[in-house]
Amino acid sequence: MDPKTTALVLIEYQNDFVKPGGANYEGVKGVMESTNMLANTLATVDEARARGATIMHAAISFAEGYPEIPANPYGILAGIVAGQAFRKGTWGAEIIEELTPQPGDIVIEGKRGLDCFASTNLDFVLRQRGVTDVVLAGFLTNCCVESTMRSAYERGFRVVTLTDCTAALSEEEQRVAITKDFALFSRPMTHEAFLAELGGAAA
C-alpha cells in the first residue's frame, strides 16, 4: 500500500465520544477499552503520518438547536438531539487534544449525518490528492464508520477498516459489524496489519 495514495480518515474523534463528561462517552467507553482503540489510533496516526499517508479528520457538528435535523428526528439523530451532543462551538464537538490536526492534515468540514461523503467535499479532496486507498477508523463502528465504508466502496476506492480502531455502543454491535458487515465492503484488519502493509511489499 503506497502512502502517497493512502488516506487515513478519522471519524468523530471528538470529546463527546472520547472523553469522560462527553455526551456519548458512557455509551462507548466499554468497547473503547476492550479494543484499546484510542491508543491504537494514536499509534497508527503517528506512524501513517510519518510514512507520508494523508491524515483526514471528519468531525460532526450541528448549530445550536439542531436546525439541520428534522423537527421530529428518529434513530441515531434523535439520540444526538436528546443528548445535546456535537453542538458547534462547544467542548464536546472539539476534536480531542491528542489528535489535534497537524500541518499537512486535512480537516473535512460539513459533516451533518452518518456518511462522511454525504454533506462534505471528502470525495473531491480524495480524488484531487490521487488517493486510491481509504482507511477508516472511529465512531460508531456500525453507524458512521460503516456508512462511510459502504460509500467509499461504491465510489471505487480500495477500502480498509481498522477493527481495533473503532468502537460501538455494545460489544454485540461491535462483533456483528466487524465479523459480518465489514468484509462485504472493505478489507477489515488490525492497525498493526495495516501498518505492516503501508509502504511495504504487500499491495
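**View 1. Residues L10, E12, Y13, H57, A58, A59 and I95 line the largest cavity.** This is a predicted model, in which local features need pLDDT of at least 70 and side-chain atom pairs count only at pLDDT 80 or more, while totals for chains, interfaces and linings use all residues. Residues are numbered from 1 along each chain as its sequence is written, and side-chain values use heavy atoms, with hydrogens and water left out. Search the whole structure and you find one cavity of 30 Å³ or more; the volume of the largest cavity comes out at about 30 Å³. Here a cavity is a set of points, on a 1 Å grid over the protein atoms alone, where a 1.4 Å probe fits but cannot get out, and lining residues have an atom within 4 Å of a point. Points are joined across faces, edges and corners, and a volume is the space filled by probe spheres set on them. Strand β2 (residues 54–60) gives the largest share of this lining, three residues. Strands (E, at least two residues) and helices (H or I, at least four) are DSSP runs, numbered from the N terminus. By class, the cavity lining has five nonpolar residues, one polar and one charged. Ala, Val, Leu, Ile, Met, Phe, Trp, Tyr, Cys and Pro count as nonpolar, Asp, Glu, Lys and Arg as charged, and the others, Gly among them, as polar.

**View 2. The largest pocket has a volume of about 290 Å³.** A pocket is an open set of points with protein on both sides within 12 Å along at least five of seven lines. Its lining takes in 16 residues, with A59, S61, K88, A93 and E109 nearest the centre. β2 and β3 (106–111) are the elements giving two or more residues to this lining, and β3 has the largest share, four residues. Sorted by class, the lining holds seven nonpolar, five polar and four charged residues.

**View 3. The second largest pocket has a volume of about 150 Å³.** Among its 14 lining residues, F17, N24, I76, I80 and L140 are the closest to the centre. Helices α4 (75–83) and α6 each supply at least two lining residues, and the largest share, three residues, is from α4.

**View 4. Helix α6 (residues 141–154) packs with helix α7 (residues 171–185) at an angle of about 0 degrees, with their axes 11 Å apart.** Axes are lines fitted to C-alpha atoms, for helices over the stretch in contact, and angles run from 0 to 180 degrees between N-to-C directions. So α6 and α7 are roughly parallel to each other, a label for angles under 35 degrees. On the α6 side, T141, N142, V145, E146, M149, R150 and Y153 meet E173, Q174, A177, I178, D181, F182, L184 and F185 in α7; contact means heavy atoms within 4.5 Å. Those contact residues divide into eight nonpolar, three polar and four charged.

Note on methods: Parallel < 35°, antiparallel > 145°, perpendicular 65-115°, else oblique.
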